[in-house]
Amino acid sequence: MQDVEVVQEVIAGEVAAGNEAVQVPADEWTAAALAHASSLLTLILGVAGGIGALIGPAVPLVMYLGYREKSRFVAFHALQSFVYQAVGILSYAVLAAVLAVWVALAWTVSGLLSAVLVGLLLMPFALLLTLVTVALLVCTPFAWLGYGLYAAYQVYQGRDFRYWLIGEWLEREMKS
């Protein structure tokens, strides 16, 4: 929990000359943390109805649109969270599709070759591939959620946070 009312802003890697750092009120750190924590809403809505996962990233997007004129700090964290969630949803969908095709192909080949008894030997490998795929598709969203909640925790504790690759890319885009 934050004990101070004002925390230094280190947005976009810019630290003012000397000790003149821009001050950010504690409520802005809380708003930025909530933008990151909205990944929990995205996961819950995604599990509940699949397409509901598309509603989750709307939270940080609306926060970005609402704060872009008021607070560059909150707007940056909300945009960063939006991009993280959107990329997460798209990459999970691609991963699921690729793995589904891979598993279907493994079972099809195994089934076709079972006519000559070779396929019966391949069935344990197809089953193992299926189990690994299911485990991967179940664990991946929780790892993704963990990273989003870690970001929320870091920001709420008054530490600036950048998602790997996304944060640096957004900083470069916002400067240009």
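These legends describe close-up views of a predicted model.

View 1. The core holds 25 residues. Phe73, Val155, Tyr163, Ile166 and Leu170 touch the most other members. The top contributor is α3, with eight residues. In soluble globular proteins, nonpolar side chains tend to be buried together.

**View 2. Tyr163 and its contacts.** Tyr163 is among the core residues that touch the most other members. Which residues does Tyr163 touch, not counting those up to four places away in sequence? The list is His36, Gln80, Ser81, Tyr84, Tyr147, Gly148, Ala151 and Glu168.

**View 3. The buried face of α2.** The buried residues of α2 are Pro60, Met63 and Tyr64. Seen down the helix axis, these buried residues fall within an arc of 100°, so they line one face of α2. What do they pack against? Their partners are α1 and α3.

**View 4. Gln154, a buried residue of α4.** Gln154 is found in helix α4. Is Gln154 buried or exposed? Its relative accessible area is 12%; buried means under 20%, so Gln154 counts as buried. Gln154 touches Arg159 and Phe161, leaving aside residues up to four places away in sequence.

**View 5. Leu165 in the loop between α4 and α5.** Leu165 lies in the loop that leads from α4 to α5 (166-175).

**View 6. A nonpolar patch on the surface.** Eight names make up this patch: Trp102, Leu105, Val109, Leu113, Val116, Val118, Leu122 and Phe125. Together they have about 730 Å² of accessible area. The largest share, four residues, comes from α3.

**View 7. Phe125, an exposed member of the patch.** Phe125 is found in helix α4 and belongs to the nonpolar surface patch. Why does Phe125 count as exposed? The cut-off for exposed is over 50% relative accessible area. Phe125 has a relative accessible area of 58%, so it is exposed. Gln154, also in helix α4, is buried.

Terms used. Residues numbered from 1 in each chain as written. Predicted model: local features only at pLDDT ≥ 70, side-chain atom pairs only at ≥ 80, totals over all residues. Heavy atoms only, no water. Patch = residues over 30% accessible without salt bridge, like charges linked within 9 Å, V, L, I, M, F, W, Y side chains within 5 Å. Areas by Shrake-Rupley, 256 points an atom, 1.4 Å probe, with all protein chains shown as cover. Salt bridge = Lys/Arg side-chain N within 4 Å of Asp/Glu carboxyl O. Helix = DSSP H or I, 4+ residues; strand = E, 2+ residues; numbered from the N terminus. Buried < 20%, exposed > 50% of the residue type's maximum accessible area, 1.4 Å probe, protein only. Core = buried A, V, L, I, M, F, W, Y, C linked by side-chain atoms within 4.5 Å. Contact = heavy atoms within 4.5 Å. Arc of directions from axis to C-beta.
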